[in-house]
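The following note sets out points for discussion on the model shown below. Please read each point alongside the coordinates.

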Amino acid sequence: MEILISGSIAYDYLMRFPGRFKDSLLAAGLDKVSLSFLVDDMTKHWGGVAANICYSLALLGIKPHLVGTVGRDFGDYRQHLEDVGVQTTSVRQHDSVFTASFFGNTDLENNQIASFYAGAMGLAHLYSLADVYDGIPDLVVISPNDPKAMIQQSQECRMRGIRFMADPSQQVPRLNGEELLQCIQGAAYLVVNEYEAEVILNKTALSFEALREIVETVIITRGGDGSTIYLAGQVDPIQVDIFKTDYIVNPTGVGDGFRAGLLRGILAGFSLELSAQMGALCATYALEHVGTQNHHFSVEEFINRFRTRFDDHNQLDQLL
Ligand SMILES: Nc1ncnc2c1ncn2[C@@H]1O[C@H](COP(=O)(O)OP(=O)(O)OP(=O)(O)O)[C@@H](O)[C@H]1O
Ligand SMILES: [Mg+2]
């Protein structure tokens with residue numbers, strides 16, 4: 001099975017300010033802002049939605065093709081992805097710019113001031129899927145990216161008859177109704193959280209029933225309340241539990257982890273319920289670590305842990 005994961009590839013620079021932004025903002029006034037926060041901690045993490053999904057899929061034994069655009073600072077990131085089993089020949093590098101970067105500074109009250117530099121991601125629309133990958137993949141995942149690229153690639157999948165998963169997540173607030181429709185129409189799967197689903201319905205003016213008519217399967221994630229699967233032609237949805245943990249460290253990347261586990265199940269031909277349970281466990285691994293690519297597990301460890309909570313009727317043995 002050949003799978004392409006297209007979307008953002010980024011660095012996350014995370015800083016901690018050992019004070020309160022509020023105090024500095026109040027002292028300085030808001031008419032003319034020129035503030036510098038001296039931080040006592042900075043970490044740099046591998047990130048970007050497409051790269052995060054690829055990372056966890058590789059842990060689960062798949063060699064996904066990562067599709068996206070990066071800048072001249074990608075060298076060590078490429079090596080890290082290849083070491084874990086992600087295929088990067090479909091990534092396009094532009095040395096005139098830097099890789100997309102997220103700069104987040106968090107204070108003692110967990111307030112955050114952040115900036116996102118799109119950098120090389122803004123060039124993603126220069127490439128079609130056919131430009132970077134020969135042949136017809138079994139599935140393409142279209143994750144948050146340069147909006148023009150998301151629309152073009154969805155269009156390309158429809159025209160070439162390629163099955164795709166629409167994963168517009170973080171770009172939902174930015175896309176208008178028409179653009180959202182172009183991203184999701186004809187998708188084999190639409191995966192969004194509750195909030196994003198609401199926004200999509202509002203902006204496209206579709207009813208939920210009408211949304212279900214234009215995609216095959218809708219999967220809505222509900223944070224700590226699990227996920228809901230709406231299968232084509234089936235009235236009653238399927239509810240899937242979370243994989244409970246007492247060690248929540250950082251929620252960033254939980255949605256990407258969920259998608260990776262879900263996709264591994266789909267590629268194995270499992271039911272969507274079992275696939276979403278795999279997604280729940282993979283999300284939990286992400287929750288238990290700072291950063292979005294710092295969790296590790298072998299396929300065997302994943303299966304053993306899965307069986308402490310869910311019953312797969314031994315189907316997961318196929319993954320070994
Ligand atoms: N507190 C939690 N405990 C256990 N599992 C969780 C928790 N929060 C989320 N998950 C798992 O992750 C899945 C996706 O979570 P959520 O709906 O929060 O995604 P999201 O809003 O897209 O997250 P992200 O911040 O990564 O974009 C859930 O369906 C669930 O399986
Ligand atoms: Mg999300």
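1. The model is predicted. Helix H5, residues 147-160, lies across strands E1 (3-6), E8 (139-142) and E9 (164-166). Its direction makes about 160° with that of E8.

2. A further helix, H10 (residues 272-287), packs on the sheet as well, where H10 touches strand E11 (217-221) together with E12 and E13. The angle between the directions of H10 and E13 is about 25°.

3. The sheet itself is open and holds 9 strands with mixed pairing. Their order is E5-E4-E1-E8-E9-E10-E11-E12-E13. Strands E5 (91-93) and E13 (238-240) stand at the edges; each has a single partner strand, so one side of each is left without a neighbour in the sheet. On average, and ignoring direction, neighbouring strands are turned by 20° against each other.

4. Strand E12 (residues 227-230) pairs with E13 in the antiparallel sense, over 3 bridges. Within this pair, Ser227 is opposite Val240 of E13.

5. Which helices each supply at least two residues of the shell around ligand 1? They are H9 (254-268) and H10; H10 is also the helix that touches E11, E12 and E13. In total, 21 residues surround ligand 1, and the closest are Thr221, Gly223, Ile242, Gly255 and Ala283.

6. As to the composition of that shell, 11 of its residues are polar, 8 are nonpolar and 2 are charged.

Key
Residues numbered from 1 in each chain as written. Chains lettered and ligands numbered in written order. Predicted model: local features only at pLDDT ≥ 70, side-chain atom pairs only at ≥ 80, totals over all residues. Pairing = 2+ DSSP bridges. Helix = DSSP H or I, 4+ residues; strand = E, 2+ residues; numbered from the N terminus. Axes fitted to C-alpha atoms, helices over the stretch in contact; angles between N-to-C directions. Contact = placed C-beta atoms within 7 Å. Near = placed C-beta within 6 Å. Nonpolar A, V, L, I, M, F, W, Y, C, P; charged D, E, K, R; others polar.
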